[in-house]
Amino acid sequence: MENSRLNRLLLSLVGTEELVDLWWESPNKAFDGNTPKEMLAKQPETVVQYIVGQFNGDYLWEKN
């Protein structure tokens, strides 16, 4: 999935382009403290699955 498509999904989740940009550059617990940008370079499928999962509400079904 190309980055612009991921950004469109993120925009619908977070609401502004500024927050999308911040999300890419911020350490993320889901990626063991790596930024999503770093993870996209290493394991793009992990980032895609995470974003799509958040968009689909998969977190609602996770067991804690």
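This is a predicted model: local features need pLDDT of at least 70, side-chain atom pairs count only at pLDDT 80 or more; totals for chains, interfaces and linings use all residues.
**View 1. Crossing of helices H1 and H4.** In this view, helix H1, spanning residues 3–14, and helix H4, spanning residues 44–56, have axes that come within 10 Å and cross at roughly 35°, and the crossing of H1 and H4 is left-handed. From H1, the contact is made by Leu-6, Leu-9, Leu-10, Ser-12 and Leu-13, while H4 contributes Val-48, Ile-51, Val-52, Gln-54 and Phe-55. Sorted by class, the residues of this contact between H1 and H4 comprise 8 nonpolar and 2 polar residues, with no charged residues.

View 2. Thr-35 belongs to the loop that lies between helix H2 (17–25) and helix H3 (36–42). Its relative accessibility is 10%, and because buried means under 20% relative accessible area, Thr-35 counts as buried. When residues up to four places away in sequence are not counted, Thr-35 touches Trp-24, Glu-25, Ser-26 and Pro-27.

**View 3. Side chain and contacts of Asn-34.** Asn-34 is likewise placed in the loop between H2 and H3, and a polar atom of the Asn-34 side chain lies 3.0 Å from the backbone oxygen of Phe-31. With neighbours within four places in sequence left aside, Asn-34 is in contact with Ser-26, Pro-27 and Asn-28, and also with Met-39 and Lys-42.

Notes:
Residues are numbered from 1 along each chain as its sequence is written. Side-chain values use heavy atoms; hydrogens and water are left out. Helices (H or I, at least four residues) and strands (E, at least two) are DSSP runs, numbered from the N terminus. Buried means under 20% relative accessible area, exposed over 50%, partly exposed in between (1.4 Å probe, protein chains only). Contact means heavy atoms within 4.5 Å. Axes are lines fitted to C-alpha atoms, for helices over the stretch in contact, and angles run from 0 to 180 degrees between N-to-C directions. A crossing is left-handed if the near helix is turned anticlockwise from the far one by less than a right angle, and right-handed if clockwise. Ala, Val, Leu, Ile, Met, Phe, Trp, Tyr, Cys and Pro count as nonpolar, Asp, Glu, Lys and Arg as charged, and the others, Gly among them, as polar. A polar contact is a pair of N or O atoms within 3.5 Å; within protein, one must be able to donate a hydrogen and the other to accept it, and residues adjacent in sequence count only if both atoms are side-chain atoms.
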